[in-house]
Number of protein chains: 2
Amino acid sequence: MSAETSTLESSIAPHLLREGRSPKHKPGAYQPPYPSFSARFGEDVTAVVMAYFGVQVRDADDPALAASLADMRQRFAATDGPAYWDRARYVDADGYTTVIGIAYWVDKAAFDAWYSAEGAPWTDPARVADGVGHFLELVTPSVDRLETIFSANDKVEGVAGAGTGMSGMIEEHAYWGSMRDRLPLSQGAPLYPEGTPRIVEDGPVCTVVLHENACVIRSGQDLTETGETERSAYLAEVEPSLREGMDFLRDQGNGIGCYDNRYMTVLDENDQPTLRTFGVSWWRDLSALEDWAASHPTHVQIFGVAMRHLSSFGPESRLRLYHEVTVPAATEQRFVYVGCHARTGMLRAVS
Amino acid sequence: MSAETSTLESSIAPHLLREGRSPKHKPGAYQPPYPSFSARFGEDVTAVVMAYFGVQVRDADDPALAASLADMRQRFAATDGPAYWDRARYVDADGYTTVIGIAYWVDKAAFDAWYSAEGAPWTDPARVADGVGHFLELVTPSVDRLETIFSANDKVEGVAGAGTGMSGMIEEHAYWGSMRDRLPLSQGAPLYPEGTPRIVEDGPVCTVVLHENACVIRSGQDLTETGETERSAYLAEVEPSLREGMDFLRDQGNGIGCYDNRYMTVLDENDQPTLRTFGVSWWRDLSALEDWAASHPTHVQIFGVAMRHLSSFGPESRLRLYHEVTVPAATEQRFVYVGCHARTGMLRAVS
C-alpha cells in the first residue's frame, strides 16, 4: 500500500474531533491489520451535496435515454456545476435500465445557484410527457454526518473527488463498529431514526419524505488495475456472492430496514461500462446497515470471500475498495420522481 | 420459549438504568427475533463474587484430586459459604486434568468472613508440598460491571444461581454490540483497558495482577433436555466447530487478546460429567472479545452452525444457552497459583 508514514490518525478530521469521544478501541491503542484512509475536506466546508440525477427507461435503446444523458452532461458543465461527478448504470428488478449521474459539491451556495438554473428542470412536472422517468435523490449532509473509507490513498472515488485529498492511515477501521466510530456526529449522538417515510403526490411529481437519521451507503470496488489472474479470481470467487447480497437487499431488503439497493456499473466518458462497480443502498438507520453487515448470511458471505481474496493476493492485490456513508438529518434529504414506475428508489420505502 | 409476556424490558435492571443512555437500538423501538432473559439480583446487591477454586493434576486418577475435591465440597458447605456453586473439569493443553469449583456470592461480607476461615487455605503456600496445583481466580465485580443472557428463564446457571430470578424478555440482544449494551457501566464508560499484566512471585505462590477493565466470559450450553435427534445433530454439526474455536482461543488466543480459555464439562454431585458444558475465557478487554465474536473465522463458524441448529429445530429445540460477562476493575481481580505449571490460567497472560 502507498502509505507514507506508519503513524495513525483518526478518520475524523482534527477540527471535527470532540473531547471525551469514546470509539470502541481507545485512541492510540489499536493497530489495525492493514491500512485504510478517509477523504479530507477543507475546514471551511460545513456540508456536502450528493445529488443523484436519474433517468429510467424500459428499453435501453430508447433515444430519450441518450438525449437525457447528453442534457445532463451539459447541465453539469454549466456555471457552479459539481466539483466532481460520475455516472453509473444498472437494470432494476422490473427490468428498467436506470442511469444515474452522481454529482458532488462542497459549496452549498454554488449548488443552490446551479440548481435553480440547471438542476430543477431535471424533475420538472412537464417531463412526464417524455415517456421516460426522471428523478433526483438529493442528500446534503453536514460534514459531521459523513464518513468515508478507502483501501488506497492515491485515487479518489465518489465524494472524495470533491475533497482536498486523503488522510493518513486511519485508526477506526477493520473492526465491527468502526463505521459508526468514523462518523463525527456519533461522538455525541446515537443517531436513532425518528419518523416514518411518507409520499407526497403533486400531479405527476412524487416526493418522498424519509425521516431523521436515515442512512445511505455507496460501497464500491475498482478492478481497473488488477491483472488477469486477480480479475478472474475476483469474478469467479467474489463477484457472485456480492451480486447475491446486492440482489437480496434489492428484493428482500425491506424486511431488514433496507429501503432500496442498486448494484451499479460506473460508465466512462462514452457511457461505456468500466471495471468499477458499486452498490448504493438506503437504510432506515445506521443500525440496520450495521446489523446486516455484521450478521446477515448474505453479507457474512461477501465479507468471507472478499477477505479470502485479499489475503490470497496479499500485497499483490490491485483491487481497490471504498465506501461513503451518510446519516442525513430529515431536512438534508429530498427525493423527487417524475414519470418513474412505482417501485423506483425511495418510492419503495413507503408501504 | 417460556416467556409470559410480550413486553420487553432492558437487560439492565431498573435501578441501574441511567438517563440518556444510548444503546445501539433506540429503547422501545427494537424487536429482537427471539426471546432472551437476564439474571436479576436484589437492589441491595452492590457487587457479586465469582471465585474459581481450581485443582490441577497430571494424572486424573491421582488420589490428591479426589481429596482436594472432597475438601472443597466441605469448605463450600461451611458457614457463610457460597449462595451457589458448581464444578467443572477439563484437560488443559499440557495434558493436566483441572477441576474448578466455581462459587458465587452476592454478599461480599459473607464471602470475606468465609474466605478468612475456609477460602484462604486453598492457596496456602504449604500446599506446594501436595504435589498437585491449586489456584484461586477471584473476581468481585460491582453489579454494573456484569451482564448475563439466557435463552430460557426457567433454569439458572452460573451467577444467576445466586440471583433472585430472571428478567422478562430483554431488548438488548440478537445484534452485534448487544453484549456491551447490556453492561450497565457501558452506559457511561467506554471500558478501555489500562495497564499490563504482571506476575508477583513470593516463594511458591505466584500472584498475577492483570489491569483495569480486563474481561471474563463464561458461555455455556445445556443439552440435558434435548431429545435423541437434537442431541445427535448438536454433536455432529455444532460441537466440532465450538471445540475448534475453543482450542483456537486456548492455543492461539494470545495474538488476539485472549489470555486463556478453558472448555469445560460441568460435573454432577458424584463428579461425573453432565450434558452441560461451557467455555470460560479471559480477555484483555471487552473489545477484544467483541472483535473475535464478530469477525474471527472460528467464531463466525460457531455462530453459523449454532444459528442453523436453532433454526432447523425451531421451537422444538431444547438446547439452552447462556453467558455471563464481567469487566472487573483492577481492584476487583485476584489470581493466585500454588504448585501449578507455568502455563496455567493467568500465568499465561504474562509474557
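## A buried glutamate in chain A

A:Glu239 counts as buried because its relative accessibility is 13%, below the 20% limit for that class. The model in which this residue is described is a predicted one.

A:Glu239 belongs to helix α4 of chain A, which covers residues 228-252. Leaving aside residues up to four places away in sequence, A:Glu239 touches A:Tyr234 and A:Tyr263.

## Extent of the interface

Chain A and chain B meet through 20 residues of chain A and 20 residues of chain B. Between them the two chains bury about 1600 Å², and carbon and sulfur atoms account for 54% of that area. On the side of chain A, the residues that lose the most area to chain B are A:Lys24, A:Lys26 and A:Tyr192, which together make up 37% of what that side buries.

## Polar and charged links

Six salt bridges are found across the interface of chain A and chain B. One of the salt bridges pairs A:Asp291 with B:Lys24, with 2.9 Å between the closest N and O atoms. Polar contacts between chain A and chain B number twelve residue pairs, both residues being at pLDDT 80 or more.

## Helices and residue classes on the side of chain A

Two helices of chain A, α5 (286-295) and α6 (297-313), each supply at least two residues of the side that touches chain B. Of the elements in chain A, α5 gives the most to this side, with five residues. By class, the side of chain A that touches chain B has nine nonpolar, four polar and seven charged residues.

Key:
Residues numbered from 1 in each chain as written. Chains lettered and ligands numbered in written order. Predicted model: local features only at pLDDT ≥ 70, side-chain atom pairs only at ≥ 80, totals over all residues. Heavy atoms only, no water. Helix = DSSP H or I, 4+ residues; strand = E, 2+ residues; numbered from the N terminus. Buried < 20%, exposed > 50% of the residue type's maximum accessible area, 1.4 Å probe, protein only. Contact = heavy atoms within 4.5 Å. Buried area = accessible area lost by both parts, 1.4 Å probe. Salt bridge = Lys/Arg side-chain N within 4 Å of Asp/Glu carboxyl O. Polar contact = N/O pair within 3.5 Å; in protein donor to acceptor, adjacent residues only side chain to side chain. Nonpolar A, V, L, I, M, F, W, Y, C, P; charged D, E, K, R; others polar.
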